[in-house]
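Opening my notebook on a new structure today. I want to jot down what I looked up, in the order I did it.

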Amino acid sequence: ATPMSVMVGVGKAAEYGALIRQGDALQLAGKVDLVILDKTGTITEGKPAVTQVVALDNDESALLALAAGLEQHSEHPLADAIMAEAKSRQLAPRQVSGFDARNGQGVQATCNNATIRIGNRRWLESEGVDLAALRTHEHSIAAEAGTPLFIARDRQALGVIGVADTIKADSKAAIARLHEAGIRVMMVTGDIGATAEAIAKLTDIDDIRAEVLPKDKAAIVEEMRKKGHVVAMVGDGINDAPALAAADVGFAIGTGTDVAIESASITLMRGSLHGVPDAIEISRATVRNIH
Ligand code: ADP
Ligand code: MG
C-alpha cells in the first residue's frame with residue numbers, strides 16, 4: 001500500500017467515527033471474513049434493567065433488598081440494574097460482609113451467618129443449590145432475551161431476578177451489511193444459550209458461543225484463526241481485552257472501558273456497530289486503489 005492511499009483511508013475512516021490506532025488495521029480489515037461480537041454493551045446498549053422479580057416466599061421486596069446488599073459492592077452492569085430497581089422501590093440494601101465477585105459467574109457474601117449467592121445456574125448448581133422450582137421463570141426471562149440471576153441462601157434457592165438489556169437500534173442493520181459483504185457473524189457471551197439465542201434471532205446472528213468465561217473469549221478467537229478465518233473481534237469490556245488483542249482486527253466500542261480501547265486496533269467513536277462494515281468497506285476500497 002502506498003503511504004498516501006493508507007493516509008486517505010485512515011482519514012476517511014475517521015470521518016465515519018472509526019479511529020484507526022494501528023497502522024496495519026486498515027489493510028487487514030478488508031480481509032476479515034468472520035466478525036465476533038460480544039453481547040452486552042456491544043450488540044446491546046449495556047444498560048440492563050430489572051424486568052421480573054420472583055421470590056419463592058413471595059416477599060419480592062426482601063429478596064431485592066438482599067440482592068442489592070450484595071450488588072452494591074459489584075461493578076458489573078447487572079449490579080447497576082439491581083441497584084436501580086431497589087432504589088426505585090425505595091428499598092434499603094441489606095448489610096453484608098465478606099463480599100466476593102466470581103468473574104463470569106456471580107457474587108457472594110455473608111448475611112446473618114449464611115452465604116448468599118447471586119449468579120448463573122451453572123455456578124449455583126455447582127454449589128449444591130437445587131433450582132428446579134425456578135425453571136419456568138428462567139425460561140420466560142430468557143425467551144424475552146433477559147438474563148436470569150438466581151439467588152440462594154446456602155443451598156436453598158430463594159428466587160430469581162430477570163434483567164434485560166435493549167438491543168441497540170442499528171445492530172441488526174449493521175449485521176445485515178456484514179452479511180452483504182460476505183462475512184459471518186458470531187456472538188460470544190458469558191450469558192446462557194437461551195438468552196443468546198433470543199438476541200441472535202432478533203439480529204440475524206449466524207453462530208453463538210454462550211456461557212463463555214471471560215478468560216476463554218480469546219481462546220475462541222484463536223480457534224477461529226487456526227481454522228483459517230481472518231477474525232475481527234468487537235467488544236467493550238475489560239473481559240474482552242484479551243480477545244480484542246488476539247484478533248486480526250480488534251474493534252473497541254468507544255464508550256467502553258479504557259482497557260478494551262487500549263487492546264483494540266480500531267476505536268468506534270459512535271458506539272454503533274455500523275463502524276465495523278464502514279471500516280471494512282473503506283479498507284477494501286483503499287486496497288483496490290493501490291493495485
Ligand atoms: P457478559 O458476557 O454478558 O458480559 P459476564 O461474563 O460478565 O457476562 O457474566 C456472565 C454471567 O455471570 C452473567 O450473565 C450472570 O449470570 C453472572 N454474573 C456476573 N456478574 C454478576 C453479578 N454482579 N451479579 C449477578 N450475576 C452475575
Ligand atoms: Mg460487553
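**Ground rules.** I'm working with a predicted model, where local features need pLDDT of at least 70, side-chain atom pairs count only at pLDDT 80 or more, and totals for chains, interfaces and linings use all residues. Residues are numbered from 1 along each chain as its sequence is written, while chains are lettered from A and ligands numbered from 1 in the order in which they are written.

**Confidence.** I checked pLDDT, the predictor's confidence in each residue from 0 to 100. The protein averages 95, with 99% of its residues at 70 or more. I also noted an ipTM of 0.96 and a pTM of 0.91.

**Domains.** I found domain 1 (3-45 + 167-290) and domain 2 (49-164); such bounds come from an automatic or database domain assignment. Their centres, taken over C-alpha atoms, sit 31 Å apart. Each side puts 12 residues into the contact (C-beta atoms, placed from the backbone, within 7 Å). On the domain 1 side, helix α9 (residues 193-203) gives the largest share, 5 residues. Helices here are DSSP runs of H or I, at least four residues, numbered from the N terminus.

**One residue.** Is D258 buried or exposed? I count D258 as exposed because it has 10 C-beta neighbours inside 10 Å (buried is 20 or more, exposed 12 or fewer, partly exposed in between, with C-beta atoms placed from the backbone). D258 belongs to helix α12 (residues 258-263). I also looked at G237, 21 residues from D258 along the chain, and their C-alpha atoms are 8.5 Å apart.

How values were computed:
Contact = placed C-beta atoms within 7 Å. Helix = DSSP H or I, 4+ residues; strand = E, 2+ residues; numbered from the N terminus.
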